Amino acid sequence: MKQIYTTTLRLNLADEDDRRAYEHLQQMDKKQYRSYSKAIVTAINDHFERQARLASNPYLETREKDDAFLGLIQRIIEKTVLYNSTPLTRDVPQVIPDEDDENISAALDFADSF
């Protein structure tokens with residue numbers, strides 16, 4: 001049996017999807033993908049494996065979108081808290097109101113009357 005299969009890939013640059021695929025191949029990381037063949041094999045395998053996962057679990061895509069959305073919200077909240085937070089200082093005086101003992105006793109007597 002033949003160990004290497006050779007095929008031709010034709011991309012019509014007038015077609016939007018083909019053009020985008022061509023641009024991805026032109027801009028691919030040469031260290032990650034040593035050749036067009038490696039990039040195409042990875043893309044094909046990822047695509048069909050994802051389709052199989054979606055077929056076996058129809059809510060997978062919804063959960064992935066929800067997780068991504070929640071992650072985005074979390075990052076925004078973290079940035080907002082970090083940006084808007086002010087450092088706490090120990091020099092801030094605390095104001096404690098001086099309550100009159102007579103007023104406190106009167107309030108407690110009033111509450112006990114019910």
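**Figure 1. Leu9 in the segment before α1.** In this predicted model, Leu9 lies in the segment that precedes α1 (16-27). Leu9 has a relative accessible area of 54% and is therefore exposed, since the cut-off for that class is over 50%. Leaving aside residues up to four places away in sequence, Leu9 touches Leu25 and Ile40.

**Figure 2. Leu9 and Ile40.** The two residues shown are 31 residues apart along the chain. Their C-alpha atoms are separated by 10.0 Å.

**Figure 3. The largest pocket and its lining.** The volume of the largest pocket is about 350 Å³. Sorted by class, the lining comprises 7 nonpolar, 5 polar and 1 charged residues.

**Figure 4. The crossing of α2 and α3.** Two packed helices are described by the angle between their axes and the distance between the axes. Helix α2 spans residues 36-56 and helix α3 spans residues 60-84. Their axes come within 8 Å and cross at roughly 105°.

**Figure 5. Residues at the contact of α2 with α3.** On the α2 side, the contact is made by Arg50, Arg53 and Leu54. On the α3 side, Leu60, Glu61 and Glu64 take part. Counted by class, this contact has 2 nonpolar, no polar and 4 charged residues.

**Figure 6. The protein chain as context for the close-ups.** The protein chain contains 4 helices and 0 strands. Read from the N terminus on, its elements run α-α-α-α. The protein chain has 114 residues, and 5% of them count as buried. Leu9, the residue of the opening view, is exposed.

Methods:
Residues are numbered from 1 along each chain as its sequence is written. This is a predicted model: local features need pLDDT of at least 70, side-chain atom pairs count only at pLDDT 80 or more; totals for chains, interfaces and linings use all residues. Side-chain values use heavy atoms; hydrogens and water are left out. Axes are lines fitted to C-alpha atoms, for helices over the stretch in contact, and angles run from 0 to 180 degrees between N-to-C directions. Helices (H or I, at least four residues) and strands (E, at least two) are DSSP runs, numbered from the N terminus. Contact means heavy atoms within 4.5 Å. Ala, Val, Leu, Ile, Met, Phe, Trp, Tyr, Cys and Pro count as nonpolar, Asp, Glu, Lys and Arg as charged, and the others, Gly among them, as polar. On a 1 Å grid over the protein atoms alone, a cavity is a set of points where a 1.4 Å probe fits but cannot get out, and a pocket is an open set with protein on both sides within 12 Å along at least five of seven lines; lining residues have an atom within 4 Å of a point. Grid points are joined across faces, edges and corners, and a volume is the space filled by probe spheres set on the points. Buried means under 20% relative accessible area, exposed over 50%, partly exposed in between (1.4 Å probe, protein chains only).
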